[in-house]
Amino acid sequence: TTAQARLPRSTPPAQPTDADKQLLLFAQGVELAARDLYKKAVDSGKFSDDEVAMLSMFGEHHNSYAQAMNGLIGKVATNKRNDSLYLTHLGQLASAQSAYASLQSLENTLATTNTDILGQLLGLDAARILASIITTEARMAAVFGTLPALSLTSALNSSANSLAPKIAQAPMASTETTVAP
């Protein structure tokens, strides 16, 4: 019947697969890089108290995301930032203006990267957490777009490139059964 044809052949696992854990390790690394970039911006002394409060909160969001991933990854977690992403944006924190543009670009890149990772995940727990992170990162990029020197159009930039690696998932066992007529 049509209803039977729509049933899934297998149920996705709740816990992350081994490939999911590798993807989450990467995601954790970029979140830690973002946390450190926000800390560097806050420590620069270039921002007002209100701006420092916003930047500190954004950095804490990224720290919380990394911790949530740590809980899913377990013992294989490295808790190491992605130095390539960190160094890409570090030099752009020289002034408040360039820092805001760089941090907006960072948020767009993270949202795109995590969306790409989400599409590769099999584990439902990891997918739920990553989906909630993506929406917040997109909103943080939009906040930068409301600042006088930037635009909302740049915040909604869909041309950000994903940094996500492609990791093949192991085939899932089927829960399908065959009944003899």
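**Notebook: contacts, rings and core**

I began with Met-69. Setting aside neighbours within four places in sequence, I find Met-69 in contact with Leu-24, Ala-27, Gln-28, Glu-31, Leu-130 and Ile-133. I keep in mind that this is a predicted model.

**Helix α3**

Next I looked up which residues of α3 are buried. Met-69 is among them, and so are Met-54, Leu-55, Phe-58 and His-62. Further along, the list also includes Tyr-65, Ala-66, Leu-72 and Ile-73. I noted a general point here: an α-helix has 3.6 residues a turn, so residues three or four places apart point the same way.

What do the buried residues of α3 pack against? They pack against α2, α5 and α6.

I then checked the length of α3. Its 25 residues, at 1.5 Å a residue, should span 36 Å, and its end C-alpha atoms are 36 Å apart, so the two agree. After α3 comes Gly-74. The phi of Gly-74 is positive, near 75°.

**The nonpolar core**

I turned to the largest nonpolar core, which has 35 residues. Which of its members touch the most others? They are Tyr-38, Leu-55, Met-69, Leu-103, Leu-106, Ile-117 and Phe-144. The elements giving two or more residues to this core are α2, α3, α4 (83–90), α5 and α6. The largest share comes from α2, with ten residues.

**Aromatic pairs**

I looked at the rings next. As a rule, a pair of aromatic rings is described by the distance of the centres and the angle of the planes. I count four aromatic pairs. One of them joins Tyr-38 and Phe-58, edge-to-face, at 6.0 Å centre to centre with 85° between the planes. This pair links distant parts of the chain: Tyr-38 is in helix α2 and Phe-58 in helix α3 (residues 49–73), 20 residues apart. Are these two residues buried or exposed? Both Tyr-38 and Phe-58 are buried.

I then took Tyr-100 and Phe-144. Their ring centres are 5.6 Å apart and their planes stand at 45°, so this pair is tilted. Tyr-100 lies in helix α5 (residues 96–118) and Phe-144 in helix α6 (residues 124–145), so the pair ties together parts that are 44 residues apart in sequence. Tyr-100 has 8% relative accessibility and counts as buried. Phe-144 is buried too, with a relative accessible area of 0%.

Ring pairs join Tyr-38, Phe-47, Phe-58, Tyr-100 and Phe-144 into a cluster. Two of these names, Tyr-38 and Phe-144, I had already noted among the core members that touch the most others.

I also looked for a charge over a ring. The charged end of Arg-81 sits over the ring of Tyr-86, 3.7 Å from its centre.

**His-89**

I found His-89 in helix α4. It is buried, with a relative accessible area of 5%. Neighbours within four places in sequence aside, His-89 is in contact with Leu-37, Ser-102, Ser-105 and Leu-106. Leu-106 is one of the core members that touch the most others.

**Pro-16**

Last, I looked up a loop residue. Where is Pro-16? I see it in the loop between α1 (2–5) and α2 (18–43). Pro-16 is at 10% relative accessibility, so it counts as buried, the cut-off being under 20%. Beyond its neighbours within four places in sequence, Pro-16 is in contact with Lys-21, Leu-24, Leu-72, Gly-123 and Ala-126. The C-alpha atoms of Pro-16 and Gly-123 are separated by 4.4 Å, though the two residues are 107 residues apart along the chain.

Key. Residues are numbered from 1 along each chain as its sequence is written. This is a predicted model: local features need pLDDT of at least 70, side-chain atom pairs count only at pLDDT 80 or more; totals for chains, interfaces and linings use all residues. Side-chain values use heavy atoms; hydrogens and water are left out. Helices (H or I, at least four residues) and strands (E, at least two) are DSSP runs, numbered from the N terminus. Buried means under 20% relative accessible area, exposed over 50%, partly exposed in between (1.4 Å probe, protein chains only). Contact means heavy atoms within 4.5 Å. Rings of Phe, Tyr and Trp (its six-membered ring) pair if their centres lie within 6.5 Å; planes under 30 degrees apart count as stacked, over 60 as edge-to-face and the rest as tilted. A charge sits over a ring if NZ of Lys or CZ of Arg is within 6 Å of the ring centre and within 35 degrees of the ring normal. The expected span of a helix is 1.5 Å times one less than its number of residues. A nonpolar core is a set of buried Ala, Val, Leu, Ile, Met, Phe, Trp, Tyr and Cys residues joined through side-chain atoms within 4.5 Å.
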